[in-house]
2 protein chains.
Amino acid sequence: MERIKKISILGVGLMGGSFALSLKKIFPQIEIIGYARSRKTFQRLSQLNVVDKVELDLKQCVCDSDLIVLAAPIYAITDYLKQIGPYLKKEAIVIDLGSTKEQIGEAAKKYLAKNVDFVGCHPLSGSDKSGAEFSSPKLYQGSLCIVTADANKKATQIIKNLWQKLGAKVIFMDALSHDKILSSVSHVMHLVSFSLTDFVPRNYLKFAQASFKDLTRISNSPANVWADIFISNKKNIIKDASKVIEILKRFQSLIKKNKKEEIISLIEKINRKQKLSRCQRTTGYARG
Amino acid sequence: MERIKKISILGVGLMGGSFALSLKKIFPQIEIIGYARSRKTFQRLSQLNVVDKVELDLKQCVCDSDLIVLAAPIYAITDYLKQIGPYLKKEAIVIDLGSTKEQIGEAAKKYLAKNVDFVGCHPLSGSDKSGAEFSSPKLYQGSLCIVTADANKKATQIIKNLWQKLGAKVIFMDALSHDKILSSVSHVMHLVSFSLTDFVPRNYLKFAQASFKDLTRISNSPANVWADIFISNKKNIIKDASKVIEILKRFQSLIKKNKKEEIISLIEKINRKQKLSRCQRTTGYARG
């Protein structure tokens, strides 16, 4: 970590802000700069004390940083990669905290110089809340962070150590596998949750119980973030949604034909899998 | 309530057991008999102290009761109605705690004598747990209880008062409306939750986060209970599942075509509805 003296965060929201607070707690000597795209954001961030300094000029913000952290919606990250590419100093490390990894990895390859290292990161943490004001120095403690980069590279090791210092468990995976797995366990869950909230008639909402609350809680997730996730991981998500639709149709068919015993067997199989899922999770429940 | 001196509970599980404990706390003078279908259940219930007495003989259990509570899966309730019909005393009141109301109401009309009153009840409470051992005298406190019966009848008023004494808010509704609304806010939520757990590849489970946990929590719900709910409310549930499928397909189409602005508008609309749903719920979150 002695290599990292200055860090720039592009996208100081909940994830970026929490990254800053967590880091600052362990490495108070590191200078952390937050980028503000507008004067309004500049003023808001300046008052929050989440970063050491807020910078309005993108070039100034990144040009002498050792580590640049991109914590924004997917296509804002790819835009940042394009914009900052020419400004970065030799041997700078760039990481992102995005929820899909393939397209970001491709943009990094395209826009960053050979002497800059890119390490894709996806910390599986989040919150119902969004915005820098909800930043917490504990957000990453006990979470799982998926890193999509060559584990043997020096930069990857530095970033791995950094996440571990923040209390996260790091696992390595290629970007394609990441996007496939996350589509199933997270992205499609969000798609379904949005769909269920859209579906329920407004005048029935007052009869909603815990089941509805649980299945629709994450449908308050931010639209701009999720539109980018859905589009950047469309191949997996469309395929997975079709699989969910097939299962729903199978249930419909069994119900229509009064196949009680088959429905019971199917649900009992599902009950066992649900039980297994509670044992298998690697980490505490990260939000999001 | 002075009319009610003896109560029989058929189906002493979480709901029936909690009903017994709640009542006993307020009306210690009322005798509560629990029916046991087998010697094994007889022994288990006898040790639990949830009811005053456990009875193996169905006729003995119900013949001189003032109130008979049916707290079992839907088709077990309709079976009980058929079986107990001939044994009930004049002016006895029969209630059920089932999650669908139309078929139970029809069975009550068919099998109960004219001088017996039937009042359909659906307390919107439950728990992740099932079984009499998890009974709680507080299960119905602050919950919503839908009563599907003629509000002007004397028996209905007695039952309404009883639920209010247990801390529940009572609303009246016809059985058809009940089944339609509950299909949307609860039954389809369970169907989707079962489907999502069935869908997720087993080897991905270790990457599951809060989103997966929330959407699949209720997929641990008991198979026999839910097979009956699905079949007894099939018309509404099949229709509602098709509506959810249509919305998923609409999302798929927008994602496929990279319609980012339309996806954002749709999710923003959903965000507002989710927010509204949090304000509109009549009660605390009942489980189930």
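**Exercise 1.** Work out at what angle helix α10 (residues 234-256) of chain B and helix α11 (residues 260-280) of chain B pack, and which residues meet.

*Solution.* Start with the geometry: in this predicted model, the two helices pack at about 145°, with axes 9 Å apart. (Axes are lines fitted to C-alpha atoms over the stretch in contact, and angles run from 0 to 180 degrees between N-to-C directions; helices are DSSP runs of H or I with at least four residues, strands runs of E with at least two, numbered from the N terminus.) Next, look for contacts, meaning heavy atoms within 4.5 Å. From α10(B) come R250(B), F251(B), L254(B) and I255(B); they meet E262(B), I263(B), L266(B), I267(B) and I270(B) in α11(B).

**Exercise 2.** Which rotation superposes chain A on chain B?

*Solution.* It's a rotation of 180° with 0.0 Å of shift along its axis, giving an RMSD of 0.0 Å (least squares on C-alpha atoms of residues with pLDDT of at least 70 in both). The two copies are therefore related as by a two-fold rotation axis. Finally, 100% of the contact residues of chain A recur in chain B, so the same surface serves both copies.

*Ground rules.* Residues count from 1 along each chain as its sequence is written, while chains are lettered from A and ligands numbered from 1 in the order written. Local features need pLDDT of at least 70 and side-chain atom pairs 80 or more, totals for chains, interfaces and linings use all residues, and side-chain values use heavy atoms, leaving out hydrogens and water.
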